[in-house]
Amino acid sequence: MLPKIRRTRELISKHGLELWLQVDGGVSAATIERCAEAGADVFVAGSAVYGASDPVEAVRALRAQAEGRPPGRPGRAPTDGRVGDRGTKGT
């Protein structure tokens, strides 16, 4: 799926669109960084969160990974529910 995410992000940027690119399915600590690097900016992580012993910490760790910072290191809080600013101004 990573090539599809990259290609979609390229098309979004090429046409100057302001769209959020969402990945739904298979998002986990093992995959979220690669999805973010490919251009996704919205992530649906069901079992990675609800299957964790501490769902709140799981969300924090996934968010940190998607933002490209080590878990536990503070980052800015998104105001619109997204992980980062990718895709909002031509990526």
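Select G26. G26 is exposed, at 60% relative accessible area; exposed means over 50%, buried under 20%, and partly exposed in between, using a 1.4 Å probe and protein chains only. This is a predicted model, where local features need pLDDT of at least 70, side-chain atom pairs count only at pLDDT 80 or more, and totals for chains, interfaces and linings use all residues. Residues are numbered from 1 along each chain as its sequence is written, and side-chain values use heavy atoms, with hydrogens and water left out.

G26 sits in the loop between β1 (22-24) and α2 (32-38). Helices (H or I, at least four residues) and strands (E, at least two) are DSSP runs, numbered from the N terminus.

Next, the salt bridges. A search of the whole structure finds three. Each needs a side-chain nitrogen of Lys or Arg within 4 Å of a carboxyl oxygen of Asp or Glu.

Pick R9 and D41. Their side chains form a salt bridge at 3.1 Å, N to O. R9 lies in helix α1 and D41 in the loop between α2 and β2 (42-44), so the pair ties together parts 32 residues apart in sequence. R9 is buried at 5%, and D41 is buried at 2%.

Move to R7 and E10. This salt bridge spans 3.5 Å, N to O. Both residues are in helix α1 (residues 2-14), three apart, about one helical turn. R7 is partly exposed at 44%; E10 is partly exposed at 46%.

Finish at E57 and R60, in helix α4 (residues 55-66). Their side chains meet at 3.8 Å, N to O. E57 is partly exposed at 34%, while R60 is exposed at 53%.
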